[in-house]
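Hi,

Here is the structure I promised to send over.

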Amino acid sequence: MAAMAATEEAEALDLFTGIGLTEAKARETLRNAALSAQLRQAVLQARAALGSGLDKATGALLYNAAARLRDPDRLAFVVGYIGRREIRTDQQLGAALQYLRSHPLEPLEPADFERACGVGVRVSPEQIEEAVEAVVSRHREELLAERYHFNTGLLMAEARSRLQWADGKSIKNEVDLQAAKARPAPVEKQKAPVVENGEVGTETKSLLEQLRGEALKFHKPGENYKTEGYVVTPNTMALLKQHLAVTGGQVRTRFPPEPNGILHIGHAKAINFNFGYAKANGGICFLRYDDTNPEKEEEKYFTAIREMVEWLGYQPYAVTHASDYFDQLYTWALELIRRGQAYVCHQKVEEIKGHNPPPSPWRDRPMEESLVLFEDMRKGKFGEGEATLRMKLVMEDGKMDPVAYRVKFTPHHRTGDKWCIYPTYDYTHCLCDSIEHITHSLCTKEFQARRSSYFWLCNALDVYCPVQWEYGRLNLLYTVVSKRKIIRLVETGAVRDWDDPRLFTLTALRRRGFPPEAINNFCARVGVTVAQATMEPHLLEACVRDVLNEQAPRAMAVLEPLKVTITNFPAPQAIDVLVPNFPADESRGFHKVPFQSVVYIEETDFKEEADRGYKRLALGQPVGLRHTGYVIAVQNVIKDARGCVIELEVTCTKSDAAEKPKAFIHWVSEPRVCEVRLYERLFLHKNPEDPSEVPGGFLSDLNPDSLRVVDNALVDSSVLGARPFDKFQFERLGYFSVDPDSTDSKLVFNRTVTLKEDPGKA
């Protein structure tokens, strides 16, 4: 019986974690028999409609419905709508539950219910834009006057009231965009470049060229108080003096990733900006892991993050961790309580979510009581979710009293079992910046709402306060970069792993063959501004071509070989042909390839009858063989039993004795067999995460032709000895990189990018 119970519990645990619950939350749910039974019913019903792979958003809807509906029949009724994707948001679910509460008697009228909770209502991006524009226009004067002190939560609330069923994230993005436009534009001043040995280096110039918009207004070290919105206290100047004594007036930045996933193209911009700004000003940059959530952190992420930072060409001044400062952070938390600025709260996570949660009934509890309870939290006397430490402030987005510490009974990667309470980002980040004497805390625009809490917390503890500056994120079309979504792609087999070359993680781009210089150049071209930048992938690919054109030596490969026998080959054995490594600069050397009576060309480079405009090999239409000095003409076409061309017999003539051919084609002779992987975009639509563009979700938008594997391609012998990540331009085909799957017996190449399109080329 015990074994059966254990098996059932394990199955239920898998079921609940499969919808996005943490293991701790799933175990907590299992302890509530009634809720566990309800949730199990809901998940199984939804799986029957949607399949086993339920995303986290759907899982959250199911959990909330199961927790708030006690009637199994009514739960099944609501889950039916969730399973048909007709209830998709928290707002709809809330309206559905409100409707059921106000209609206690059966039967329910489906049409009336659907009207009440917005079933079938689709809010277009244009409607969101118009509504937000109207709201921003109504508050334009306050925005101009208060700038970043204006509470954008008010704009969100008003826009939501106008667009009851719109996606909250889409509204927020539009509010951020239009609020930024409505604020007065900064006056741009040209900063003087950093001069080294009397000259400005080209590297320094490119870094400084990134600094546009808000970045041009950055304060000098120690002049934090000159920044708009900076809070000056009676002790500010003394703290800044101490700060300058530590740093010597040096610029200090940090790159603070969470070690719970692999870095992506957006992080490349953050790396370039943080490390680049410090370097351009003779400063230093820390790599600091924000390791405050032990449930999601793994050693492989710590290693991969540092590897990618260094691959992009940056060396951290020091590698630190938020966990290095856990003791100090705990001491400061006690001090915050003593100063009456923090309290222990027992509201549940669900209660304090959203924009207008109810105030905590424990906000005014005595300081002595909170000290005792916080110590009890540290000693493990409270379960997960039973108590938090909250700070007494209202953030810029209207969020009240953010959480500083929560209980998690999960061993930490670095501190082991020492702690069962862990600090949050809102509490940790600014204090770690203070400890490390960061001068410029550079972060993306979504953290703007935390600027007030950043200043508040440092000042509440009377410690050195850095300055937070926000800039727009870098996004790419035709991709997803969220950790959760990439994990789903891996789990469903859509991609192999985090480094699958169809993804835009940095490990994937490296594997595909993107040079780090190209990624850095792309980030420099995008620049650093307040506005979010959403770019087409081909702009990044153009930067890749620019670099590889200078870095990748030429070679010849044939993907779909067609055998060609030269019946009048001019020598009894193979001739060594010299091929320039870089045709535009022959001073960079040559390599030899054998040329003999049997060569292989691309199948597509031959047609029996040439179409109009076709310039390659055909009956009666000779072509030149690149680098050989010979022109070949078809004499005989050999076919198999099915009528397919399997071999050509040709004659050759010296180029200077033949009429100039219309085209020169590549070829291989005495080749080596290799595998070639040809990549296209992973998704069919520009915005695979946008439900208005892809109603079925990003997994329904996969491009079936995103990978084509050519098992028996042929490549010339010049590539022998190539190592993983070595790069080549295969003439007329594109740029290719050696994949780590290569073996001594067979090389594997990834196509990095195609060659530039030439509209005039047949």
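Is Glu-133 buried, partly exposed or exposed? Glu-133 counts as partly exposed because its relative accessibility is 43%, where buried means under 20% relative accessible area, exposed means over 50%, and partly exposed is in between (1.4 Å probe, protein chains only).

Before the rest, two words on the source. This is a predicted model, so I kept local features to pLDDT of at least 70 and side-chain atom pairs to pLDDT 80 or more, while totals for chains, interfaces and linings use all residues. Residues are numbered from 1 along each chain as its sequence is written, and side-chain values use heavy atoms, with hydrogens and water left out.

**Overall picture**

The C-alpha trace spans about 100 × 80 × 55 Å along its principal axes. Of the 762 residues in the protein, 50% are buried. The secondary structure comes to 23 helices and 28 strands; these are DSSP runs numbered from the N terminus, with helices being H or I of at least four residues and strands E of at least two.

There are domain bounds too, taken from an automatic or database domain assignment. They give domain 1 (1–117), domain 2 (125–182), domain 3 (474–556 + 669–761) and domain 4 (561–667). Taken over C-alpha atoms, the centres of domain 2 and domain 4 are 64 Å apart.

**Charged patches**

Back to Glu-133, which is found in helix α8 (residues 125–138). Together with Glu-126, Glu-129 and Glu-130, Glu-133 forms a patch of negative charge on the surface. For patches, residues need over 30% relative accessible area and no salt bridge; like charges are joined within 9 Å, and nonpolar side chains (Val, Leu, Ile, Met, Phe, Trp, Tyr) within 5 Å. Lys and Arg count as positive and Asp and Glu as negative, with His and the chain ends not counted. The place of a charge is NZ of Lys, CZ of Arg, CG of Asp or CD of Glu. Accessible areas come from the Shrake-Rupley method with a 1.4 Å probe, and for residues only the protein chains shown count as cover.

There is a positive surface patch as well, formed by Lys-56, Lys-296, Lys-353 and Arg-484. Lys-296 sits in the loop between β2 (284–289) and α15 (299–311), and counts as partly exposed because its relative accessibility is 41%.

**Salt bridges**

How many salt bridges does the structure hold? The count is 44, each one a side-chain nitrogen of Lys or Arg within 4 Å of a carboxyl oxygen of Asp or Glu.

One of them joins the side chains of Asp-324 and Arg-414 (2.7 Å, N to O). This pair links distant parts of the chain, 90 residues apart: Asp-324 is in the loop between β3 (318–321) and α16 (326–338), and Arg-414 in the loop between β6 (403–407) and β7 (421–423). Asp-324 is partly exposed, with a relative accessible area of 37%, and Arg-414 is partly exposed at 39%.

Asp-327 and Lys-418 also meet through their side chains in a salt bridge (2.9 Å, N to O). Here, too, distant parts of the chain are linked, with Asp-327 in helix α16 and Lys-418 in the loop between β6 and β7, 91 residues apart. Asp-327 is partly exposed, its relative accessible area being 43%, whereas Lys-418 counts as exposed because its relative accessibility is 51%.

Then have a look at Arg-677 and Glu-675, whose salt bridge has its closest N and O atoms 2.7 Å apart. Both Arg-677 and Glu-675 are buried. Salt bridges that share partners join Arg-496, Asp-499, Arg-511, Glu-675, Arg-677, Asp-739 and Asp-741 into one network.

**Backbone and loops**

Most residues other than glycine have a negative phi. In this model, Arg-85 has a positive phi near 60 degrees. Arg-85 lies in the loop between α5 (72–83) and α6 (90–102), and is partly exposed at 27% relative accessibility. His-437 has a positive phi of about 55 degrees, though not a glycine. The loop between α18 (425–435) and β8 holds His-437, which counts as buried because its relative accessibility is 15%.

Lys-445 lies in the loop between β8 (440–444) and α19 (451–461). Lys-445 is buried, as its relative accessible area is 12%. From Lys-445 to Glu-386, 59 residues apart along the chain, the C-alpha separation is 32 Å.

Cheers
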